[in-house]
Amino acid sequence: MKLNAAAGLSRLHVRFALLAFLLVPANLPAQEKKDLTLDEIFHPTKRVDFGAAVASGLTWVSDTHYLWPKTDPKTRSSELLRVEAATGKTAPFFDAAKMEAALRKLPGVTADEAKRLAHQRTYTMNEKRTAALLTVAGDLYVYTFGADSLLRLTFSPEAEEEATFSPDAALVAFVRGNNLYLVDLASQRERAVTTDGGPEILNGKLDWVYQEEVYGRGTYRAYWWSPDSARLALLRLDEHGVPRYTLVDDVPTRPEVETWPYPKAGDPNPKVQLLLARVAGGKPTLVDTGKYALSDHLIVDVA
């Protein structure tokens, strides 16, 4: 396990990678050239559908195929397609109608909600891509492709966040109330990995500063599976001592005042610790970061 730490945000090297794919079959007939307009490229409803020839948001599933969420510009509904890279030939990755039908059987799930869940752009899947995690009415479910079955994993009024499968697909980890949990798929038995989470202590989840400035905007998950599914590494962030910043969210019809832990230049960052937890049980152990003498350090990578 690798641990990189730095003394402050000023020393953090942020690396950006931009990866674009232009996949055009070699046997396309010659066509008349035409300049594209901005509307044809970017307009939400008038843009041209280039099909799988120009794919964004793709996920490679093999050396020859990738998954691509094709979105209808009018309905904004998506269909997850499996695309052969060399030819552009597409096929549905799964039967969305069957997922809809399975979801409609759940109590309280409307037809609109079932359709929305069955037509998402992305899904959290296991490594073999035989099952996906769905959040339905605030609880986690596993949907198995082909079998078209749903297995309920959680029974809590609190929200489950940042859920992932273990590499062997036998377990699911998630964050609830800023504590890290595990649930066994075979028994649906749930176990808390940490118990001290709260508004000031975040286990397995990044705060605003870490997701915005360190791991990347929108990335909140702060735990990692070992390849053998036997252990989890997680960050514990302590927000005590981080100054609060007040702002107004003026997007809603009625603006709301929000307060966030946010260090300005020179203010202390959240205190961070790296923990290791065994799936079999027991209290997580603390990784010694004593060689990084400064008290206000950052943990910027775990691998």
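In the hairpin of β7 and β8, which has two residues between the strands, Ala-137 adopts a positive phi near 50 degrees. The model is a predicted one, in which local features need pLDDT of at least 70, side-chain atom pairs count only at pLDDT 80 or more, and totals for chains, interfaces and linings use all residues. Residues are numbered from 1 along each chain as its sequence is written, and side-chain values use heavy atoms, with hydrogens and water left out.

Ala-137 sits in the loop between β7 (131-136) and β8 (139-144); strands here are DSSP runs of E of at least two residues, numbered from the N terminus. Ala-137 is not a glycine, yet its phi is positive. With a relative accessible area of 73%, Ala-137 is exposed (exposed means over 50%, buried under 20%, and partly exposed in between, with a 1.4 Å probe and protein chains only). β7 and β8 pair in the antiparallel sense over six bridges, where pairing requires that DSSP finds at least two bridges between two strands. Thr-135 has Leu-140 in β8 as its bridge partner.

Strand β8 also pairs with β9 (residues 149-152), again antiparallel, over four bridges. Here Thr-144 has Ser-149 in β9 as its bridge partner. The hairpin of β8 and β9 has four residues between the strands, and Gly-146 takes a positive phi near 85 degrees in it. Five of the six residues of β8 are buried, so this strand is largely enclosed by the rest of the structure.

Elsewhere, Glu-162 lies in strand β10 (residues 161-165). Glu-162 has a positive phi of about 50 degrees although it is not a glycine, and at 29% relative accessibility Glu-162 counts as partly exposed.
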